[in-house]
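Here is a short briefing on a protein structure. Look over the sequence and the model before reading the notes.

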Amino acid sequence: MDKEKWKAILKEKTNKIHLISPAYRGNIPVVATSGESLAETWENAMIGLYLYGCEIRTQYDAKDDQGNFIDPPSRDCTTLMSIENPTAEPMIHLGGIPGGFEDLEEYVQEVRDGIKDHWVRNSLDPEDTRWQYTYHERLFRYELPLSEYDRYLCQLSQEEKQKFYRNETAHFLLDHDYVQVVEKEIKGKKQNFVRINQIQYLIDKLSQQPYTRQAQAITWQPYMDTDIYDPACLQSMWFRILADEKGKSFLNMNIRFRSRDAYDASFMNCFAFIHVMEYVAEEVGKRTGEEIRIGRFVDESDSFHIYGKRLKDFEIRFLQNLINRDFAGRTFSRKDAEPYFKERRKKLKERFGT
Amino acid sequence: MSDIPDHIAKKLYEGDKEKVTNLVQQALSEGMTPGDILNKGLIAGMDRVGQGFKDGELFVPEVLIAARAMQGGMDVLRPLLTESDNPSIGKYVIGTVKGDLHDIGKNLVKMMVEGAGFEVIDLGADVSPEAFVDAVRQHRPKIIGMSALLTTTMVQMKVTIEALERAELRGSVKIMVGGAPMTSDYAKKIGADAYAPDAAAAVDVARSLAGVNRKE
């Protein structure tokens with residue numbers, strides 16, 4: 001590696017990569033990064049992780065027959081990325097899309113539009129080997145088993161509900177149009193589930209009160225996720241609207257991941273969630289009649305990591321190109337990627353009817 | 001000798017589909033044989049791409065853009081190749097194993113192997129052992145490539161190999177495996193012939209299994 005070029009890059013980025021708390025005395029390091037665009041901020045986060053991350057084992061590290069680790073340990077830290085203008089171009093970092101542009105479009109449709117929700121397994125069927133979740137399914141179709149308690153609350157009079165919730169406009173969950181009751185059956189066993197469209201909920205909430213602090217959606221389902229092998233990594237999304245000095249409204253988004261494959265997944269996650277952000281802004285705008293612009297995006301990962309088996313690739317590809325190419329050469333705009341997106345859209349329409 | 005094949009290889013590396021397509025047409029009009037254009041231009045270009053990827057010079061999307069440029073050239077050559085010679089260095093059946101719906105890695109290997117001159121039969125994702133057996137029976141490939149992203153589904157590779165043994169087809173085909181949870185130890189343990197840690201390595205492994213030496 002060219003040390004002089006590496007030093008120059010770090011100097012250029014010095015105000016955008018911050019070690020908040022180092023790795024010592026058993027403390028997991030904390031790194032905060034910022035940038036104008038997604039591509040820039042993500043790149044800074046990867047550099048911060050590489051520079052300041054600690055070494056730690058993961059459950060996925062490969063072992064030999066004797067139980068000895070084959071893979072090196074992962075590089076890990078808690079990370080916060082603050083993206084000032086999430087839709088600023090160039091938005092796409094070439095080092096962050098391991099499946100290329102077409103798969104990036106497919107992933108956006110998976111997260112925002114739910115094209116793969118039918119691949120999520122029936123949670124009552126142990127034989128069902130399909131996916132354990134998609135983010136769209138958890139956000140737009142979040143499920144909980146319907147209990148007798150829910151049924152009891154549902155039957156209360158409006159007056160009783162208001163007393164119960166200490167709120168004059170109180171509605172019980174099942175009264176909302178973003179909530180459905182669905183019945184699932186496997187091997188003769190039936191169970192009713194409450195299915196909640198959390199994104200519709202938060203769009204309603206933001207439309208009624210832009211400064212609300214309750215516009216959030218979660219993914220964790222403790223009745224199931226504490227026991228599965230590979231539970232959802234995204235934990236929550238939170239939105240709030242703030243007006244600028246000219247009175248224009250901007251949608252702000254915070255998301256939190258418990259665990260994040262920094263090199264092979266985090267860029268795609270961010271890219272897809274910016275599309276969800278655009279969807280929320282557009283829907284709130286439709287309901288309120290006011291244009292809602294895209295504000296800053298804060299992305300927090302409890303464990304932001306590069307797997308040990310991928311470290312070498314990161315060093316020879318990501319770092320080498322960081323040094324040998326300028327920023328324009330490492331990135332792509334959405335407009336330039338559009339022909340590839342369009343091609344995949346056509347294929348997805350044929351495959352999923354979307 | 002014409003320097004068009006070298007131009008084709010260069011433009012293919014740069015992912016310029018339009019230039020590659022035009023240069024292939026120009027090479028044909030100047031009397032080059034389709035076989036030479038394929039081997040000295042397109043496949044040589046994809047070899048450079050594979051090397052560039054291995055060396056870390058290229059990002060994955062750039063490899064895929066180059067593969068599309070190759071397809072542009074192949075669209076011109078394909079009808080002619082069937083008349084003049086056989087472009088394929090062998091058939092390659094590929095799929096993600098049963099229960100596994102992930103296909104990013106599999107698609108990347110497919111593109112690279114196709115670029116190396118194999119005729120690829122893509123069975124998609126969530127492919128049952130029976131479907132692999134049927135594909136071997138029908139297409140008689142030199143190689144099967146199986147992919148799995150999950151530790152819970154990689155066991156299906158062994159199940160598939162056993163199904164091929166029961167169908168008495170195991171001896172007729174080489175098997176290579178790959179995917180995030182895989183190791184070469186595991187590949188050996190389940191009776192696969194080879195393991196490829198990434199898409200660029202998959203090309204070398206496939207060529208080696210097929211007994212093909214690259215000719216420039």
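Predicted model: local features only at pLDDT ≥ 70, side-chain atom pairs only at ≥ 80, totals over all residues.

Residues are numbered from 1 along each chain as its sequence is written, and chains are lettered from A and ligands numbered from 1 in the order in which they are written.

**Where chain A touches chain B**

- On chain A, 22 residues are in contact with 14 residues of chain B (contact: C-beta atoms, placed from the backbone, within 7 Å).
- Helices α3 (100–113) and α10 (311–324) of chain A each give at least two residues to the side that touches chain B (helices are DSSP runs of H or I, at least four residues, and strands of E, at least two, numbered from the N terminus).
- The largest share of this side of chain A, four residues, comes from α10(A).
- By type, the side of chain A that touches chain B has 11 nonpolar, six polar and five charged residues (nonpolar: Ala, Val, Leu, Ile, Met, Phe, Trp, Tyr, Cys and Pro; charged: Asp, Glu, Lys and Arg; polar: the others, Gly among them).

**Strand β1 of chain B**

- Strand β1(B), residues 91–96, is largely enclosed by the rest of the structure, because five of its six residues are buried (buried: 20 or more other C-beta atoms within 10 Å of the residue's own, all placed from the backbone).
- β1(B) runs parallel to β2(B), residues 119–122, and four bridges join them (strands pair if DSSP finds at least two bridges between them).
- β1(B) also pairs in the parallel sense with β3(B), residues 143–147, over five bridges.
- B:I94 stands opposite B:D122 in β2(B) and opposite B:G145 in β3(B).

Technical notes. Contact = placed C-beta atoms within 7 Å. Buried ≥ 20, exposed ≤ 12 C-beta atoms within 10 Å, placed from the backbone.
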